[in-house]
Amino acid sequence: MIQSNYFQTNEDLKEHFFELIDWNEIVPIYENNFADAKTYLETKNPRLEMAPSNLQEALAYYEEILNSCGEISGVYVSQVAGIVDHKGLKFENGNVIHSEEMVDVIQKYHAAGLGPAAFKRKYGGLGVPNIIKAMIAELMYRSDSSITIAVGSMGLAAILEVCASEEMKEEWIPKIIDNHYTVTMGLSEPDFGSDLPNITTKAEKKDDEWLLTGTKRFQTMACGINGSPGLTLTLARTGTQESGARGLSFFIVENNEYAVQGIEKKLGIKASATCETVFENSKGYLVGKEGFGLVKYVMGMLNGARLSVSSQGTGIVTAAFEEALKYAKERIQFGKPIYEIPAVKRMLDRMERELSGMRCLMVEAAYSVDKYSWYEDGRVLSPEETKTAKFWEKVANTLTPISKYYNSEMCNDLVYDGLQVLGGAGYTEDYDLSRLYRDARITNIYDGTTQIQVNAAIGGVSSGMSQTGVFRSYLDHLAKGSENHTVLNQIRTEFESIVETYKSIQNQESKEAYSFEVVESAARLVVSYLMERAKNRSKSKKEHRTKLCKGFHSDSLAILSANHIKLKSLV
């Protein structure tokens, strides 16, 4: 793979960081008016030593983190990713064995302090907003998905900051960070994947201990790394089987309490251990309240997972585009680089503009979470702050599944084109496109398939387009500054017609089957607005972004027109 600092050489990502994001809307909220820095002056708590005291210090701190991440990902991980993929994993006597190369670069990430990116400073984390977390994830996923999953899995435990007692937070989160735990979501079972309300793993209380019995499948990194500690955030039934979702509770179970029965042999992410685990009277620690496991805690954890996969799609496509572009400029055919062949250049141009849109959506989805989640941090809110927080929470509940669906589907689409640029060479293992192609395929499957994401978003889109609906208000917010843009207005009009047509479909099965077309149309409209806003804010690349916008908006209008034709045939 290309070897470079993946932050320093990514001009589009850097422009987002330095020009396009209005940090005044995020940093004061996240930093709570720089409360951590003030606390450090009073207490000298070493966990708060790096806390910024103003906006400029915060941005310098975030930039330093992104530089460090870009260096490790682009200089070190990129050079061993192919080796790690080729060696994969071994499973011997119940133990999963990772390659030395994989362990070495994972240690580099931890040595740089990048493992606990998801956690607040007061527990030993980096203490960065979701936008920065999204950028960190993109930089890491560009070099390799398996290694990034191993390092980033720790971040799943950030849900403890939301739902655990203060005593449990102080006990577990620093321990998870200091000991480099891997963390997995103990949700799926052999007979229940997305149908979580019917899972059968049981938790019974004996004396003062909870003991779990059952089997979990698709448990990523449940094994730890070559003997290192790991834990599963496990969904288990404390009520009767008939109690459904309300009978499920949430537990911490350490990997020395369960057995890894085997690992999956997969199409891609071959060095990421996907385990089947067996609980037999395994000791668990109840998180939060009984019965809230699925309805509250797991849903909160899935939101972060959606953002992570959105970043994964963006990172993989960045790698595919840069590798394909480099090859196209170096590969000579018919006396010239294939980059100069119109059909090849067309594919690369589309990859670039669609990637630009993916990054805009990745940032916006993270922004929507940043705009509400930190208001919930035990702060006293004014009526206006409460109103703002509730608005952005509703936006995020629709936008995060859209970003997960859209960026994972586009990831598969664009990596396909990247491999095509390399032709027969791309189909061989001599080039990284073949690995990226295999790794991309999981993105629209795990952490909720595209179909599950569409189902999660359709209500917020369709009902949200009422005259006083949240999604309509959000679109109006995005449209500011582009009210007179002819093509954008055409796309908006087409979208509103699509929603009305969808609502008029009488057959419920048809509505469910064709909800994808509505959500896809919503996604294209949102990304078109985001692309236009990026162009309007751009200082250094306005001309180039204008070109990207023209092609993107044209494609969006074509996609929405086709979707409307499909929906009208059902009325």
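Biologist: Is cysteine 69 buried or exposed?

Modeller: This is a predicted model, so read every value as computed. Cysteine 69 is buried, with a relative accessible area of 0%.

Biologist: How many disulfides does the structure hold?

Modeller: Start with the general idea. A disulfide is a covalent bond between the sulfur atoms of two cysteines. Here the count is 0. Cysteine 69 is in no disulfide. Its nearest cysteine sulfur belongs to cysteine 411, 18 Å away.

Biologist: Which cysteine sulfur is closest to that of cysteine 275?

Modeller: The one in cysteine 223, at 4.0 Å. That is too far for a bond.

Biologist: Is cysteine 275 buried or exposed?

Modeller: Buried. Cysteine 275 has 0% relative accessibility.

Biologist: Now cavities. How many of 30 Å³ or more does the structure hold?

Modeller: The structure holds 1. The largest cavity has a volume of about 30 Å³.

Biologist: Which residues line the largest cavity?

Modeller: Read the lining residue by residue. Val84, Asp85, Asp144 and Ser146 are among them.

Biologist: How do the lining residues divide into nonpolar, polar and charged?

Modeller: The lining of the largest cavity has 5 charged residues, 2 nonpolar and 1 polar.

Note on methods
Residues numbered from 1 in each chain as written. Predicted model: local features only at pLDDT ≥ 70, side-chain atom pairs only at ≥ 80, totals over all residues. Heavy atoms only, no water. 1 Å grid on protein atoms, 1.4 Å probe; cavity = no way out; pocket = protein on both sides within 12 Å on 5 of 7 lines; lining within 4 Å. Points joined across faces, edges and corners; volume = space filled by probe spheres on them. Nonpolar A, V, L, I, M, F, W, Y, C, P; charged D, E, K, R; others polar. Disulfide = S-S within 2.5 Å. Buried < 20%, exposed > 50% of the residue type's maximum accessible area, 1.4 Å probe, protein only.
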